[in-house]
Amino acid sequence: MGGIEHVGYGITADLAARLPRQRKTQRAKLGLLVATMLEARRADLMDLAAALPRPTERLDMRYRWIERLSANPRLEVDAVMAPYARELLGRAAASGQRLVLILDQTQATARHQVLMLGLRVGGRALPLAWRVKETRGSVGFAEQEGLVRLVAAWLPAGAGAVLMGDRFYGSPDLILLCRSLGWDYRLRLKGDLLVTVGGGETTTGECAARGEHLLPDVGLTAREVPTNIAIVHEPDHPEPWIIAMSERPSADRAFDYGLRWGLEAMFADFESRGFGLEDSQIRHADRLARLLLVMALALHWAVSAGMWDAAVHPVPAEKNPSRLARENSPVA
């Protein structure tokens, strides 16, 4: 048994423990493909086929093996991710801190956009759920709501969450959804949005131009959805951050929005600096979503292995508990 097959066997056994009702053949194929992704580190199906340990030496047959798995409608992405997401959210919630959830999208191919909801872990993020859509623009609120409600159902009881989102997501609908779920939020707003402040109408951009920084209890858009807004402008940034938030506005809370960059690092892992998702050559949204599943499981396994290695083989600095406690404190 080669290295890829050995790792694939372990992943398959883990899938069996988490998803006992999953078809045995589907589980074995998925485990092997995740292990191959970890070895090849490429989303290009030809590269994967070249690394795939199958009895046949013909590259085209191994390629079709991967194609058939990615086209299998019985391989349900959300069902496979659910136990991994629940475990990840549970471990993060055990610290007692709010879960930082990040919503964003990225271009997967020339024709497809991926809407992703991830959890910030350390300085990065790990994927929880996603939707792939054939479009050149932003993915709409219907898909956003579906992802948010899906992940909300996976949260541990009593866990607090704060949703981070870029200007695609600073909308009254998403604010109302967060409020209905009891989530906090930091959503960046566009500069042309109508706001009602003290009974008068203006725009978010005009507020920023006038040097207004903290706007509690404003009405957003013509619907006058209640929210709070904080505006901060760093000297080296071309535009201010106009941040809608659930709590009373402050500059510190506005800077929380910077936590969303953890998802950008994760997108880089999936794309040009990692697996090379843009080179997958897949043309169908559902197949691309299943390829993302393989990559997400590979990323979860890689992170888990790194965490295990750090715990079992700590570097000298990690062997000092008091130093670790200081470095991991909220102040640090």
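Q: What makes β6 and β7 paired strands?
A: Two strands pair if DSSP finds at least two bridges between them. Strand β6 (residues 194-197) is joined to β7 by 4 bridges, so the pair meets the criterion of at least two. The two run antiparallel, and the bridge partner of T196 is E201 in β7. Strands here are DSSP runs of E with at least two residues, and helices are runs of H or I with at least four, numbered from the N terminus.

Q: On what is this based?
A: This is a predicted model: local features need pLDDT of at least 70, side-chain atom pairs count only at pLDDT 80 or more, and totals for chains, interfaces and linings use all residues. Residues are numbered from 1 along each chain as its sequence is written, and side-chain values use heavy atoms, without hydrogens and water.

Q: Why are β3 and β7 said to stand at the edges of the sheet?
A: The open, mixed sheet has 10 strands in the order β3-β2-β1-β4-β5-β10-β9-β8-β6-β7. β3 (124-134) and β7 (200-203) each have a single partner strand, so one side of each is left without a neighbour in the sheet.

Q: What makes the set around L101 and W130 a nonpolar core?
A: The term covers buried (under 20% relative accessible area, 1.4 Å probe, protein chains only) Ala, Val, Leu, Ile, Met, Phe, Trp, Tyr and Cys residues joined through side-chain atoms within 4.5 Å. The largest such set has 94 residues, with L101 and W130 making the most contacts inside it. Helix α11 (residues 285-312) gives the largest share, 11 residues.

Conventions. Buried means under 20% relative accessible area, exposed over 50%, partly exposed in between (1.4 Å probe, protein chains only).
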